[in-house]
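Here's a quick briefing to read with the structure open beside you. Take a look at the fold, then work through the notes below.

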Amino acid sequence: MADVVGNKDAKNFSEAVPFANNGDFHVKGAANYDWGMKDRLSRIFNPETGKTVMLAFDHGYFMGPTSGLERLDLLIPRLANYADCLMGTRGAIRSSVPATYNKAIALRASSGSSVLQDDLSQESMVVDIEDAIKMNASAIAIQTFIGARGQKETIEELNRAVNLGSKYSIPTMGVVAVGKEMERTTQFFLLATRMLAEFGVQIVKTYYCEDFEKVASACPVPLVVAGGKKIPEKDALTLAYRAIEGGAAGVDMGRNIFQSKYPEEMIQAIGKVVHEGYSDVEAYEFYQHAINVKAEV
């Protein structure tokens, strides 16, 4: 798999050298996009910091009512103010996210499998671009399965989304899927993230890995790091800190926020790391202080 790909000998990533074609725009690789595309990216990535805190709650599209997401209508109002961008399905957003929030929307636009199946890689773009426009989506999210059975089909669907998004100035976020049989190595993520960027996506959602700095340097568009499965809050803050330090332009966390005992305090602590330069230690201290204050009220 990833050990036989062409990038196994690549080593000159110049991690310490900033991206060279940004102009005066704050989003990596976006200097030559048109105004509408830049406007949408500016809603996702804070113009002051160039980074984003995405709140992912799209798990139900293949998992059903995930723990912590049983009642979207009760959860999202508690967390939305602390996120730059909300990532969800059109059904969840239309039913449970008030239009008055004025938050950037990363619209989950691919599906095709469920947890009842062993192979989750059979996905296609199921949301019409016209519906994304009607929902005023800031980005459309398409999952790709590099190295899995559904690789060809999901690559084709991703390119279809890029073509349609380019036509209407809607960014495409390519989501790197990692299934049971797929490696989580530096070589794999170098391959997958670069492939998606070369297909034309404006954002790549991926996972943190060893030598993440190389992955971020080799990808000419911003990387947003997924939180993955629920881990202790202290560890999740360390994950976020290491991702930002390694060159990520933000995080897209779900379970490590909404499955926390104190989700509001957790998303605020994540924001401290992403936008305010807090270390993981400082962010965890903030989190502990916040929950102590809450307990005293």
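**Briefing notes**

Asparagine 102 sits in the loop that runs between α4 (90-96) and β3 (104-108). Keep in mind that this is a predicted model.

**Backbone spots with positive phi**

- Asparagine 102 has a phi near 55°, which is a positive value in a residue other than glycine.
- Its relative accessibility is 72%, so asparagine 102 counts as exposed, the cut-off being over 50%.
- Serine 14 also isn't a glycine and has a positive phi, near 45°.
- You'll find serine 14 in the segment before α1 (35-44).
- Serine 14 counts as partly exposed, because its relative accessibility is 36%.

**Nonpolar cores**

- The largest nonpolar core holds 73 residues, and Leu55, Phe57 and Ile270 are the ones with the most contacts inside it.
- Setting aside neighbours within four places in sequence, isoleucine 270 touches Val53, Ala236, Leu237, Ala240, Val251 and Met253.
- There's a second, separate core of 20 residues, with Ala30, Ala56, Val224 and Ala249 among them.

**α9 against α11**

- Helix α9 (residues 233-245) packs on α11 at an angle of about 25°, and the two axes are 9 Å apart.
- Angles under 35 degrees count as roughly parallel, so that's the label for α9 and α11.
- The α9 and α11 crossing is right-handed.
- On the α9 side, the residues in the contact are Glu233, Ala236, Leu237, Ala240, Tyr241 and Ile244.
- Facing them from α11 are Met266, Ala269, Ile270, Val273 and Val274.
- Sorted by class, this contact of α9 with α11 has 10 nonpolar residues, no polar ones and one charged.

**α11 against α12**

- Helix α11 (residues 263-276) packs on helix α12 (residues 280-296) at an angle of about 150°, with the axes 9 Å apart.
- Since angles over 145 degrees count as roughly antiparallel, α11 and α12 get that description.
- The crossing of α11 and α12 is right-handed.
- From α11, the contact uses Glu264, Glu265, Met266, Gln268, Ala269, Lys272 and Val273.
- From α12, the contact uses Ala283, Phe286, Tyr287, Ala290, Ile291 and Lys294.
- By class, the α11 contact with α12 comes out at eight nonpolar, one polar and four charged residues.

**A closer look at lysine 272**

- Lysine 272 counts as buried, because its relative accessibility is 17% and the cut-off is under 20%.
- Leaving out neighbours within four places in sequence, lysine 272 is in contact with Gly277, Tyr278 and Phe286.
- Phe286 is also one of the α12 residues in the contact with α11.

**Glycine 64**

- Glycine 64 lies in the loop between α2 (60-63) and α3 (72-79).
- With a relative accessible area of 29%, glycine 64 is partly exposed.
- How far apart in space are glycine 64 and glutamine 288?
- The C-alpha to C-alpha distance for glycine 64 and glutamine 288 is 31 Å, and they are 224 residues apart in sequence.

Notes:
Residues numbered from 1 in each chain as written. Predicted model: local features only at pLDDT ≥ 70, side-chain atom pairs only at ≥ 80, totals over all residues. Heavy atoms only, no water. Axes fitted to C-alpha atoms, helices over the stretch in contact; angles between N-to-C directions. Helix = DSSP H or I, 4+ residues; strand = E, 2+ residues; numbered from the N terminus. Parallel < 35°, antiparallel > 145°, perpendicular 65-115°, else oblique. Left-handed = near helix turned anticlockwise from the far one by under 90°. Contact = heavy atoms within 4.5 Å. Nonpolar A, V, L, I, M, F, W, Y, C, P; charged D, E, K, R; others polar. Buried < 20%, exposed > 50% of the residue type's maximum accessible area, 1.4 Å probe, protein only. Core = buried A, V, L, I, M, F, W, Y, C linked by side-chain atoms within 4.5 Å.
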